[in-house]
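Reader: I have a structure here that I would like to walk through with you. Could we take it one question at a time?

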Amino acid sequence: MTLNTCPDFKYKFEEVWLPVSENILAWEQDFHQLMLDDQIRMAAYKKAIQEAVKPGMVVLDLGTGTGILGLWALQAGAKYLYAIDVNADVIPKAIAAFEGGGFAGKFQVFHGLSYDINLPNQVDLIISEIIGNLGDNEDFIPILNDARTRFLKQDGRMLPRSVRSQLVPVSTAKVHRQVAAQQCRTLNKNYSLPELMQRLAIKSPFNLYYDVIIPRSCYLSEPKVAKHFLFDGSDQPVYATELAYVVTAEGVLTGFKGSFAAELSDSVVLDISGDDIAARTTSDSWKHCYLPLQNPLNVMRGDEIHLRYERSYPSLRNSPFRQCYRWSGTVQRQGDVMGAFSQSTGNSE
């Protein structure tokens, strides 16, 4: 079941949306517009690009979309811009943006996966925004490792410089009910939860993450960093992280909220964990990530939640964006296991 959409994409607390990071190859104008209207995203990236780009630089905009980040780089003084995007339909929009800004002859746009692209020259700066609301759920590690190795000069820079993903246990019966009923909002009729579940070979809606604004009032403990990505060539796309939380408020554990904070430049950090919709400290396009539990667990103050958070690649997905997440663990009270959980977005090797 899909809830009705509204044309301006307004959203509310604890309102479940289809996870856009699992639909990268299907992105179209509605989602690109949502990103362009995302005030926290746009303000942070514009300031960071103005700060990082120096006159005379050669810049790569990796995942250019409609071209706004590349346009800002040219306006900031870039001598030349390369732009890459996998979506053929959006390429003309990027070209129109660059030419409309008066930069004809100062850019080259490539269509395809960056792995398959060879640039004429190496660049001084790689700009990217292939960040999902879990950090790496748009598969940025292999993409950026490859780009850094092949495209970036030895003394070149990456933007963002680093990303920290964080997780926190939450209690939100409202969100859990929507997931159980397979109710989620979508951008338009071309996005469908049943289609996504079928494509990912997922039978339970609880073996998928969702985009949801989850307020701090739902927290059962303090957030913890799940992964710190440095973009220096050392990041690995397959990993397992063990986290332990002490419960600070009695409630029902229904899942985990994921978010990220990205260090874009010297003075700019983009943090999507905020929960003030009116003040626009939340992100319209990312929202937060919700990792649900099929069977909620009662918790008391002082209980310990032990979480094993894993990322791997499934054996039966034929897609360049095929990552799989698993979140499993236990609730313990004075050393005794009171309950266990295990969810996964797919079978992995």
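Reader: Which ring does the charged end of Lys-287 sit over?

Author: Happy to start there. This is a predicted model, where local features need pLDDT of at least 70, side-chain atom pairs count only at pLDDT 80 or more, and totals for chains, interfaces and linings use all residues. Residues are numbered from 1 along each chain as its sequence is written, and side-chain values use heavy atoms, with hydrogens and water left out. A charge sits over a ring if NZ of Lys or CZ of Arg is within 6 Å of the ring centre and within 35 degrees of the ring normal. The charged end of Lys-287 is 4.9 Å from the centre of the ring it sits over, and that ring belongs to Tyr-11.

Reader: Which residue lies over the face of Tyr-245?

Author: Here again a charge sits over a ring. At 5.8 Å from the ring centre of Tyr-245, the residue is Lys-224.

Reader: What is the bridge partner of Phe-256 in strand 14?

Author: Strand 14 takes in residues 288-299 and runs antiparallel to strand 12, with seven bridges joining them. Within strand 14, the partner of Phe-256 is Leu-291.

Reader: Is Thr-254 buried or exposed?

Author: Thr-254 is found in strand 12. Its contacts (heavy atoms within 4.5 Å), leaving aside neighbours within four places in sequence, include Val-170, His-176, Tyr-290 and Leu-293. Buried means under 20% relative accessible area, exposed over 50%, and partly exposed in between (1.4 Å probe, protein chains only). Because its relative accessibility is 3%, Thr-254 counts as buried.

Reader: How many aromatic pairs does the structure hold?

Author: Rings of Phe, Tyr and Trp (its six-membered ring) pair if their centres lie within 6.5 Å; planes under 30 degrees apart count as stacked, over 60 as edge-to-face and the rest as tilted. The total is twelve.

Methods: Two strands pair if DSSP finds at least two bridges between them. Helices (H or I, at least four residues) and strands (E, at least two) are DSSP runs, numbered from the N terminus. Contact means heavy atoms within 4.5 Å.
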